[in-house]
Amino acid sequence: LLIACGSEKKEMTIQDFMMIENEVALPDPDLDPELVGEVAGKYGFTFDQYKEFFEKVQNDPELQEKIGELMLDNQKPADK
């Protein structure tokens with residue numbers, strides 16, 4: 001059961017997470033909350049939303065696998 005509060009925040013996707021992750025480049029968002037909040041804000045998210053998704057990724061092997069696959073796809077040479 002979900003309860004909506006006044007202003008609805010948008011849901012973070014794996015792609016959103018990866019864009020923020022690539023810019024932040026920290027092993028833990030708590031190392032620099034100000035930077036993480038600034039970068040997340042640029043994409044329309046809060047520090048807390050990013051941290052929540054970060055923790056979800058840390059505890060979900062399926063999400064980790066999807067992120068790994070997306071990273072590999074992004075590294076494939078374009079001329080293939």
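Author: Buried residues, meaning those under 20% relative accessible area, with exposed meaning over 50% and partly exposed in between (1.4 Å probe, protein chains only), make up 26% of the 80 residues in the chain. This is a predicted model, in which local features need pLDDT of at least 70 and side-chain atom pairs count only at pLDDT 80 or more, while totals for chains, interfaces and linings use all residues. Residues are numbered from 1 along each chain as its sequence is written, and side-chain values use heavy atoms, with hydrogens and water left out.

The secondary structure consists of 4 helices and 0 strands, where helices (H or I, at least four residues) and strands (E, at least two) are DSSP runs numbered from the N terminus; along the sequence the pattern reads α-α-α-α. The chain exposes about 6200 Å², of which carbon and sulfur atoms supply 52%, the areas coming from the Shrake-Rupley method with a 1.4 Å probe and, for residues, with only the protein chains shown counting as cover. Among contacts (heavy atoms within 4.5 Å) with a separation of 6 or more, 53% come from residues 24 or more positions apart.

Consider α2 as a partner. Two packed helices are described by the angle between their axes and the distance between the axes; here axes are lines fitted to C-alpha atoms, for helices over the stretch in contact, and angles run from 0 to 180 degrees between N-to-C directions. From α1 the contact draws on I20, E23 and V24, and from α2 on L35, V36, V39, A40 and K42. By class, that contact has 6 nonpolar, no polar and 2 charged residues, with Ala, Val, Leu, Ile, Met, Phe, Trp, Tyr, Cys and Pro counted as nonpolar, Asp, Glu, Lys and Arg as charged, and the others, Gly among them, as polar.

E23, in helix α1, has 35% relative accessibility and so counts as partly exposed. Leaving aside its neighbours within four places in sequence, E23 touches V39, K42 and Y43, and its C-alpha atom is separated by 9.4 Å from that of A40, 17 residues apart along the chain.

Turning to α3, its axis comes within 11 Å of that of α1, and the two cross at roughly 105 degrees, which makes α1 roughly perpendicular to α3. In this contact I14, F17, I20 and E21 of α1 meet Y50, F53, F54 and V57 of α3, and the residues divide into 7 nonpolar, no polar and 1 charged.

Finally, there is the end of the helix, where α1 is followed by A25, a residue placed in the loop between α1 and α2. Most residues other than glycine have a negative phi. A25, although not a glycine, has a positive phi of about 50 degrees, and with 59% relative accessibility A25 counts as exposed.

Key: Parallel < 35°, antiparallel > 145°, perpendicular 65-115°, else oblique.
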